[in-house]
Amino acid sequence: MNERHSSERIELIDIIRGFAVFGICLVNVPEMAGSGVYFRSGFEGSDALIRVLYDMFVQSKFYTIFAFLFGVSFHLFLQSAQRRGLAPGPAAARRFGALLLFGAAHAILLWFGDILLTYALLGFFLLPFIRRTDTTVAGWAWSLLGVAVFIHVLLGLTMLAIPADRSLDPTFADGLPDMAERLRFLYTENAMNLPIYGLEVLGLFLLGLYAGRRGWFRPGAASARRIASVQWTALAVGLLTAAPMAWDYAHDPVYQFDKHYLYVFLSGKALAVFYVATLMRLTGGERAERFRPLAAVGRMAFTNYLTQTILTAALVQALRIEAGELPLWATLLWSAVLLALQTVWSVWWLKRYRMGPFEWVWRICTWLRVPALRRQPARSAGAGTTGTAI
């Protein structure tokens, strides 16, 4: 692969990752503000409409993309270690160890729904696959995903069997959790769910690792016709599996998330594929230029993920917001404002710095050296003037 193609491929991955950061924000902000499914068993009025749209097109779609890209990024990390002439195992262990510390602090101090801790723990399971063949990696990926789908379908069918006049109590019925409650959630409900979600997430990691090895995002790796075929097939499956949620919303004034668990899960996998395939088609050739701001968000995904929590938690505390107080349209509005700010800030920051601030700290922990953060001004040939390197 020549240098130009490598750069384009990485930019496409950054664009997809930026898109996933957007979706993750839409999912997380209602929970951070106490207006999501962890705080309410049913939704009515405008909340019901927004909730069903979330479940049909957002919920479970973006963590699927994020986990898959984590595996792709692990492949790129291994290539970086090889270029540096370093053994990838110890560096990867430090990388996941640092992520574990970030995740633990994030989960306990700020946000009970943290994913970094889970990703770090499952990341260690990637180490044995560093030198395994592509066939072995793919075999494990599909096997784990197959078992995960079976478990989630079984769980979803169980949810459907719950009588219509009964619903599960929300996890945080008494209000926004304090630090002690977040810690308790971490070692109880989160720990119990890890084996279930861990199979799926590790399977997605391995599928992403396989995709990176096989160059799925390399320009020309797949024909436009093939990508379009995958795109529209995934859309059809996604809409078909999401349709029961729309039907239920139209016939029941109270929309309940739990009873639609199966449809949320199945539509999540299909529409995640549709979103990725759509971005692959939209960013082909010179058209990637218009998605540069989204790529900037993706390049700073770690920083943007953490600052979404920091800013939202600060807003909730400053306004003394209580659980259930905000309608979903208000959390949606804040998500839109937050993402717009992060997009502008990401573009501004990367014109002046090589990476996001949290990415910089993470890289120090990984490579045990301090990389340059600020971009060096480029000296103009002949004129002796300087300019900012982009």
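Let's start with α8, which has 26 residues and reaches 37 Å from its first C-alpha to its last, close to the 38 Å expected at 1.5 Å a residue. That expected span is 1.5 Å times one less than the number of residues. Helices here are DSSP runs of H or I, at least four residues, numbered from the N terminus.

A word on the source. This is a predicted model, where local features need pLDDT of at least 70 and side-chain atom pairs count only at pLDDT 80 or more, while totals for chains, interfaces and linings use all residues. Residues are numbered from 1 along each chain as its sequence is written, and side-chain values use heavy atoms, with hydrogens and water left out.

Back to α8. A kink of about 45 degrees is centred on P195. A bend is the angle between axes fitted to the seven residues ending at a residue and the seven starting there. After α8 comes G215, with a positive phi near 70 degrees.

Now its neighbour. How do α7 and α8 meet? The axes of α7 (residues 179-187) and α8 (residues 189-214) come within 3 Å and cross at roughly 30 degrees. Axes are lines fitted to C-alpha atoms, for helices over the stretch in contact, and angles run from 0 to 180 degrees between N-to-C directions. The two helices are therefore roughly parallel, a term for angles under 35 degrees. F185, L186 and Y187 of α7 touch E189, N190 and A191 of α8; contact means heavy atoms within 4.5 Å. Those residues divide into four nonpolar, one polar and one charged. Nonpolar covers Ala, Val, Leu, Ile, Met, Phe, Trp, Tyr, Cys and Pro; charged covers Asp, Glu, Lys and Arg; the others, Gly among them, are polar.

Stay with Y187 of α7. Buried or exposed? Y187 is exposed, at 56% relative accessibility. The cut-offs are under 20% relative accessible area for buried, over 50% for exposed, and partly exposed in between, with a 1.4 Å probe and protein chains only.

On to α9, residues 224-251. This helix has 28 residues and reaches 40 Å, close to the expected 40 Å. α9 bends by about 35 degrees at A242, and P244 follows within four residues. Its buried residues include I227, A228, L235 and A242. Among what covers them are α2 (45-57) and α10 (261-282). A228 and Y187 lie 43 Å apart, C-alpha to C-alpha, and 41 residues apart in sequence.

Last stop: G285, in the loop between α10 and α11 (292-299). G285 is exposed, at 63%. Its C-alpha is 8.5 Å from that of P219, 66 residues away along the chain.

Key. Parallel < 35°, antiparallel > 145°, perpendicular 65-115°, else oblique.
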